[in-house]
Amino acid sequence: MFRYTLMQLRSSLRHLVAAGLAIMIATAFLTAGLSASGVVKKTTIQMVSADFAQADLVVPSMWWYGGIDVADVVRDLPGVEAAFAPASTTAVVSNGDTSQYVTLGQSAPVASLEAWPVDQGREAEQTGEAVLGTSVADRLGIGLGDTFTMTFERWQTTDGQEHPATVTLVGLFDDSQPFIWSVTQARATLPTMVEAGVSTDPTSSNGSALWAENLLVKAQPGVDTGVDSELRRELAAVLGQYLADQEAADRLAHPDWYDGQDTFDYDESVAYYQADLSSFIQTRDQAAEERAASYLGSEVVLTLIGLVFAGLSLLVASLVIANTFQVLIASRTRTLALLRCVGATKDQVRQSVLMESLLVGLGASVLGLLLGIGLVQAGLAAAGHRFPAVPVPHFVGLPVWLMFLAVAAGTGTTLLAALAPARLATRVAPVEALRPQGAPVVRAGAGRGRWLASIILTLAGVALLAGAVWYQMNHPDPDYSASINATVAGLTGSAIAAIGILIGAVFWLPRVVGWLTRPLRRFGAGARLAAVNSVRHPRRTAATATALLIGVTLVSAMTVAAASVAKTLERETYTYWPIDLQVGSIDLNLWLDDDAYTQACGPDAEVWGGASYPMWPALTDNEITAVRNIDGLTATAVAYSATVTVPDAAGIPVSVTAAAVDPEALRGVLAEPEVADLLADGIVLMDGNLAAALDNAEWFCPYAVYEQPSLDRNSQIQRTVTGDAGQIEATLKYLPVMDQIGAYLLMSQETLQTLAAEAQPEAVWAALAQGANPVDVADEAQDTVTELARSDSDIRPVYGAAISRADTLRAIDAMLLIGLALLAVSVLVALIGVANTLSLSVIERRKETAVLRALGLTRGQTRWMMAVEGMVIAGVAGLSGLVVGTVYGWGGVGLVIGYSDAFTLALPVDRLLLILALAVAAGLVASVLPGRRAAKTPPAAALATE
């Protein structure tokens, strides 16, 4: 029987190529997915470890509060070659009229602890020296030896004053490589930054104090850094003393922070810190793996994602294989009957089919394994050439057990897919050998039980999915437990419905094909024959179309989901950031003066009150005019500000920055223009922070419980608002949208003029024109205000919903492209199945085709017949996939973000029509070779007999 199996395999090899190709591609995809997850993990660890330079030990900042002076206490320890606490802040670097905000880091004391060493020039070593990333230097137009200005915004400096520093560029490093998220854009010596006014105290309230994330320690050559090493014990000892000293100083400076706690014992504190630090000192590799895990979540997640997509490809491939073997068994009916006549048992027949599938699956899986490894290796080579700074592995390191798993999965899928055809082969009776050879027919019967089960499963699954989505939309769950249960229920419903749709495909797919092919009967003999042939074998048609149906369903579901998420996030962006573009910023000052602070927090409380320093001076008329003239803006509103006072419930005065705009201008720039209608005389809008402060001024006190205001949307209170020019009795309304509008208090310009003698214009709010590129408009606005700035520290920021929305949409499109690229493999396998089915159909209908040729059917009509048949199968599968995919896409989005008030369903008709067109076109392409083979059938073949 084995010799017979090999003989059948050789004789049918040409027909099994497509099935083998399908399983080969699916196995290659599985191999690539398993390999890619390991490559991503290894690359991420290597990238993250670059942050730690050549350090031997790393201590996270959670233990020493980010102070950079921590390096001083360990630098002189025996066995320590160097210590460094890399810290960074933000700064503005300028050259003439060109400026840029950069992340400014502290230069390392030694090259071995510099994460991103210079590749041109040298490292900054003295006061007044700096190094820049190449992209920053190119934008500023400066080179080695040139001078430029470095400044910090006033609120970042220790005294709120401007301290411009002129520095010399002494080195350049590459900051242009993608995927490197932690590289700073500029570096300078610590004395240079201190001279420019930056605080080195990480607890500074100015917001820009240098904060170090890690302490890096480089050991001397030959010094042991193991878990029980002397160096680790010494490091834990001095850091424990350092932390105890910090706590002692804090207790003296802020006794109210520790009110009610036990008496401080210095020795006990040192021992406590030393004991805990011993377990938190890490090696460079340990720190890299821990941080990489936080970025990746888990390598298991990546592996599962790859397995899910690979599993889909294997599922589609199994349908192709099952259909191929089913047709081959039907074409071998007489041969199988003769075998039964000469004594072959049913078990032998079954074993022969399964052995044939095993050989096909094993060979194709091995080839798929090699193809997958080759694809990943080619990807590594291309990535290494394109991104030389990214530490991509040179070779694929796939464990033997993973290679075995890939081959076993491909072979097992082939065997499972061949079980039903093998059982069909055992049903061939010996008497079949006595019947004349005709066109083999694959039985199409299916029981009523299957039809009933299909209906029940489909309806139950859809109902479960719809119920879960309804629950998500109508029952927000703060602790997410019920939400997670609803999501699980919805996913379970989706799976149940999918099973019902697939097992019922043999019933409804052929009917849909028959319904859609009726109009084709008007387009010539070839089209009429194609319409008849496409429904002649319902089971085969269903199996072929189902494979493509799965692929198109997944593609369309992802497309619809991405469009719905994008639409929802667009609405949500406006909810949380209701202005397209904002140039400049309003000083958001909310405080109590010393007397009010003492009244609210008690006579013994340390006074934290006092006004913040202004960030930027008032806008000039030239700046306002220049912003209004920027292309791409359709409406603008100028926001003025001044300081006013509002009493809380106990009468304690709260000082706050109030913003004012012209209501009509505001209407043109807000996503909720009706907000502008509220700005009438005596009506003032407030945000949640001010509402909480007016509930109780203890909101400002240290360690107070910060609660959300006890006011609902549109709730209002009566207060007297006082300014330096007068006061008014106002109605203060709390609107949640005010939390994101960029002001604590918003009123009309007329109201503010009554309160303040000199309100200053501080920001321009703008709306983008339809179709305008937000990034280009924002860049032009940034260049405009940079050119008109009176000093480097006066360069105003440009931000807004449009920029955030553009970034979000780009991220969604990127994820969509990645998902579609992965799903394209499944679709390709399905199309191979279409081509294979058509090819086998040509073999089955050879005598029938010859008769048609003898009756006058031309070669062109024959090719057209096969083309129409391929397009019909692909078109019906594509159309059905669009419908099912749209339902699944909407359901999936509803499960994930249905709780959002901004939840919106979208139907990207253009993209869905493109998917359908591509499916039909692919069906046409799949019919080319089968059509050519059918057209070559000679009319004389109709006279042949067996």
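The count of salt bridges comes to 9, where a salt bridge is a side-chain nitrogen of Lys or Arg within 4 Å of a carboxyl oxygen of Asp or Glu. The model is predicted: local features need pLDDT of at least 70 and side-chain atom pairs pLDDT 80 or more, whereas totals for chains, interfaces and linings use all residues. Residues are numbered from 1 along each chain as its sequence is written, and side-chain values use heavy atoms, without hydrogens and water.

The protein chain has 28 helices and 22 strands; these are DSSP runs, with at least four residues for helices (H or I) and at least two for strands (E), numbered from the N terminus. Of its 946 residues, 51% are buried, that is, under 20% relative accessible area, against over 50% for exposed and in between for partly exposed (1.4 Å probe, protein chains only).

Among the salt bridges, Glu-114 and Arg-187 meet at 3.3 Å, N to O. Glu-114 lies in the loop between strands E4 (98–106) and E5 (120–121) and Arg-187 in strand E9 (residues 186–188), so the pair ties together parts that are 73 residues apart in sequence. Arg-187 also meets Glu-123, at 2.7 Å, N to O. Here the link runs from strand E9 to the loop between E5 and strand E6 (129–133), 64 residues apart.

Another salt bridge joins Asp-72 and Arg-75 (2.7 Å, N to O). Asp-72 is partly exposed, with a relative accessible area of 46%, and Arg-75 is partly exposed at 31%.
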